[in-house]
Amino acid sequence: MRPNFYFIFPPDSLSQYAGSYITSFYLPPDKKPLLSELLRQFPTFTLIEIDGILKQMKTVIAQLSAAIGLVLAMVLVCALLVTLANVQASLDSRLKENALLRTLGASTSLIRSSLLAEFVVMGAMAGLLAAVGCNLTLSAVQLWVLDMPLVWHWPVFIAAPLFGGFLFAATGWLGCRRVVSAPPMAILR
């Protein structure tokens, strides 16, 4: 701890005024009772315990992180619900297309794998977009808010597309699994 500004005056120009001094020191936690004795002997001292401030800051940051995590979870659930709604909205056209494909000789496994591939690719692209957006936002905060050196988090570029692809494929499959099992003749009529 040190002052962040200084005034420089000619020598002896402030000699008729009282002086004040600032210092910082480390005191082990087991010696904290000495502070109350020090303040009792010198009541004009101003004492600021930085460890209490840091503890409070850690608590606030932990609460902020939990709130951001909750918002992230709600956004993820909403995105999955929108995905499910999109799949349900396109279910009629998917049923007709896949009934035609099965009539023309496509196997059930081909239709199943093409549907899963479609959802995996869309989820992986969404995950990649999320990873890029996350890193760009974090970089802006690091550079312009915290004055930290730029650090890219490369594992996110692998984890987010994998997670997005899996989650999107599972959600899409839940929404349109009956496309594969519906009899083509009933749909075409």
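R40 and E37 sit three residues apart in helix α1, so about one helical turn separates them. Helices here are DSSP runs of H or I with at least four residues, and strands are runs of E with at least two, numbered from the N terminus. The two side chains form a salt bridge, with the closest N and O atoms 3.2 Å apart. The term salt bridge stands for a side-chain nitrogen of Lys or Arg within 4 Å of a carboxyl oxygen of Asp or Glu. R40 is exposed, at a relative accessible area of 59%, whereas E37 is partly exposed at 35%. For these words, buried means under 20% relative accessible area, exposed means over 50%, and partly exposed lies in between, with a 1.4 Å probe and protein chains only.

Before going further, note that this is a predicted model, in which local features need pLDDT of at least 70 and side-chain atom pairs count only at pLDDT 80 or more, while totals for chains, interfaces and linings use all residues. Residues are numbered from 1 along each chain as its sequence is written, and side-chain values use heavy atoms, with hydrogens and water left out.

The structure holds four salt bridges. Another of them joins the side chains of K32 and E49, at 3.1 Å from N to O. K32 belongs to the segment before α1 (33-41) and E49 to the loop between α1 and α2 (50-89), so this pair ties together parts that are 17 residues apart in sequence. K32 counts as partly exposed, at 25% relative accessibility, and E49 is partly exposed as well, at 39%.

K32 also meets D51 in a salt bridge, with 2.9 Å from N to O. Here D51 lies in helix α2 and K32 in the segment before α1, so the pair ties together parts 19 residues apart in sequence. D51 is partly exposed, with a relative accessible area of 43%. Taken together, K32, E49 and D51 are linked in a network of salt bridges.

Turn now to the aromatic rings. A pair of aromatic rings is described by the distance of the centres and the angle of the planes. Rings of Phe, Tyr and Trp (its six-membered ring) pair if their centres lie within 6.5 Å; planes under 30 degrees apart count as stacked, over 60 as edge-to-face, and the rest as tilted. A search of the whole structure finds six aromatic pairs. One of these is the tilted pair of F7 and F9, at 6.3 Å centre to centre and 35 degrees between the planes. F7 counts as exposed, at 63% relative accessibility, while F9 is partly exposed at 48%.

W154 and F157 make a further tilted pair, with 5.4 Å between centres and 35 degrees between the planes. W154 is exposed, at 56% relative accessibility. W152, W154 and F157 form one aromatic cluster.

Most residues other than glycine have a negative phi. D12 lies in the segment before α1 and is exposed, with a relative accessible area of 67%.
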